[in-house]
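Please look through this entry before using it. Some comments follow the display.

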Amino acid sequence: MKKHLLGWLLLAPGLALAQAAQPYTIKGTVGKLSAPAKIYLVRGTQLADSVTLHNGAFELKGTAAEPSEARLIVYRRGGLRSAYGVSPNQTGLILEPGTIVVSTPDSLPNARITGTQLNLDYGRLQASYKPIMAKLAAFNREVKQATEAQRNDPAFRERTTAQFMGLFKETLQAQMAFVRANPNTWVSLNALRQVSTQGTPQYAELAPLYNGLSPALRNSPEGLKFGQMLERIKAIAVGAQAPAFSQQTPAGKTVALADYRGKYVLVDFWASWCGPCREENPNVAKAYQQFKGRNFEVLGVSLDNEKSREKWLKAIEDDKLPWTQVSDLKGWQNEVAQRYQVQSIPQNFLIDPTGKIVAVNLRGDELQKTLAQLLK
C-alpha cells in the first residue's frame, strides 16, 4: 500500500487518490460547548477518534490512505460508545489529507466545512439537497401529525409512500446532476457509488455518468472497481438476456427460469422480514390476478435464510401469494440475488417470452400499466 509522493502528483489537482497514508487534521469550533461535551469522528462503521470540547474548540489528527466519507457527532454529555450512535448534532465530511476546518456558532448541522478541495466539493453537493430536505421535513411533519386512523388508511399509506419515493428519486437525480457537472472530483465518484447502491443498479443510467468522469478517476483503484461492477450489471440491463437460474420450492421441487420460456414472468425478490416487500405484495398479487390468464406468471425468490424458513412459509400464506416461490435460504447470499446484483429489496425483473429483460423494479400501478401495454 505504501507508495511515493510521486503517485499524488500523477493525478489531477484535488483528487487526492493516492494509496499511501497521509496526515489529516480536523479542527474548529462548535459553539461554546465544554466538558463533558465531546466530539466523535466516525469512519464507516468504526468509532475512530474523539476529543473533549473546550469552549467549543477541538482538534483531531490521524492519517488517511484515500478519501472517504466520515461523520462528526457531538454528544453534550459525552459517552458515545458505538459508531451507530444517533444524534441530531452531527455532520458529514470528506476525510482526506490536509487541514479540514469546521466552524459553527451553535451545532454541527449548521457547520461550514472548508480547508480542503474535496470538502468544498462535498459542501456543494450537500447544498443541492437543501430543497429536497425541506420537502422531506414537511413530509415528516405531516406523517407525525397524522392520526392513527389516517395511518391505517390504505389510501393515506399509498399517498405517503408515493411522496417518499418521489423525494427519494429527487435525491438520486440531484446526485446524478452533480456527477455530470463535476467530472473531476472524487466526490462525484463517491456519489455515483451511492446511486448504484439504491435498488438494482441500472447500467443505462450509470454507464454514461461513469464514462463522463475524468480518466484519473476512472483509472483510480476505486474507479476501476466501479467499472468492473458496471460490466457485471450490464448482464442484467434492460434488453439483456436474463441470466439463467434454478432453485427449490419449499417442497423441494427444482424450478428453473427456463421453465417460463414462452411467457412473461416477473422475477420478484423479497423476504418475510422485509417490511416494504410485504407492503408491495398486495400490488404484485393484484397484477397477478389481473394478468395470470394472459401469458403472465410471477416467480418469487426469497432472501430468507434457514432460520427464517417457517416465517417465509407463513408470509406466503398470510400474504396470499399463489405463485411459485423458490429460495436457497442463504439470505443476502442467495445465488440468484447475487447473479442479478440485488442490493436491496423489494426488487423485480420483468422477462419477456424470449428470455429478455424488458423492465426492472416495477412498483404499484406502474407494474399494472406496463403489463397492460405488453399483454394486449
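The points below go from the whole chain to single residues.

1. Confidence. This is a predicted model. The mean pLDDT of the chain is 90, and 94% of residues reach 70 or more. Residues 1-18 are the stretch to treat with care: pLDDT stays under 50 there. The model still gives this stretch 32 contacts beyond four places in sequence. Where pLDDT is low, predicted coordinates should not be read in detail.

2. Overall build. The chain has 376 residues, and 47% of them are buried. The model contains 13 helices and 15 strands. Along the principal axes, the C-alpha atoms fill a box of roughly 70 × 55 × 40 Å. Take the contacts in the chain with a separation of 6 or more: residues 24 or more positions apart account for 65% of them.

3. Helix α2 against α5. Helix α2 covers residues 117-128 and helix α5 covers residues 154-181. They pack at an angle of about 145 degrees, with axes 9 Å apart. The crossing of α2 and α5 is right-handed. On the α2 side the contact uses Asp 121, Arg 124, Leu 125 and Ser 128. On the α5 side it uses Ala 174, Gln 175 and Phe 178. By class, this contact of α2 with α5 has 3 nonpolar, 2 polar and 2 charged residues.

4. Helix α5 against α6. α5 and α6 pack at an angle of about 145 degrees, and their axes are 9 Å apart. Here the crossing is left-handed. α5 contributes Leu 172, Gln 175, Met 176, Phe 178 and Val 179 to the contact. α6 contributes Val 187, Ser 188, Ala 191, Leu 192, Gln 194 and Val 195. The residues of the contact of α5 with α6 divide into 8 nonpolar, 3 polar and no charged. Gln 175 and Phe 178 of α5 are listed in the contact with α2 and also in the contact with α6.

5. The disulfide. The count comes to 1 disulfide. Cys 274 and Cys 277 form it, with their sulfur atoms 2.3 Å apart. Which hand does this disulfide have? The torsion about the S-S bond is about 75 degrees, so the disulfide is right-handed. Cys 274 and Cys 277 are both buried.

6. Gly 275. Gly 275 lies in helix α10, residues 275-291. Gly 275 is partly exposed, with a relative accessible area of 36%. Gly 275 and Ile 345 are 70 residues apart in sequence, yet their C-alpha atoms are 9.5 Å apart in space.

7. Cis peptide bonds. Most peptide bonds are trans. The bond from Ile 345 to Pro 346 is cis, with omega near 5 degrees. Pro 346 sits in the loop between α12 (335-339) and β14 (347-351). The bond from Ala 35 to Pro 36 is also cis, with omega near 10 degrees. Pro 36 sits in the loop between β1 (22-30) and β2 (38-43).

8. Positive phi. Most residues other than glycine have a negative phi. Lys 320 has phi near 55 degrees. Leu 329 likewise has phi near 55 degrees. Lys 320 is in the loop between α11 (309-318) and β13 (324-326), and Leu 329 is in the loop between β13 and α12. Are these residues buried or exposed? Lys 320 is exposed, with a relative accessible area of 63%. Leu 329 is buried, at 9%.

9. Glu 297. This residue is found in strand β12, residues 296-302. Why is Glu 297 classed as buried? Its relative accessible area is 19%, and buried means under 20%. Beyond four places in sequence, Glu 297 touches Tyr 260, Lys 263, Tyr 264, Val 265, Leu 266 and Tyr 288.

Conventions. Residues numbered from 1 in each chain as written. Predicted model: local features only at pLDDT ≥ 70, side-chain atom pairs only at ≥ 80, totals over all residues. Heavy atoms only, no water. Disulfide = S-S within 2.5 Å. Buried < 20%, exposed > 50% of the residue type's maximum accessible area, 1.4 Å probe, protein only. pLDDT = per-residue confidence, 0-100. Contact = heavy atoms within 4.5 Å. Axes fitted to C-alpha atoms, helices over the stretch in contact; angles between N-to-C directions. Helix = DSSP H or I, 4+ residues; strand = E, 2+ residues; numbered from the N terminus. Left-handed = near helix turned anticlockwise from the far one by under 90°. Nonpolar A, V, L, I, M, F, W, Y, C, P; charged D, E, K, R; others polar.
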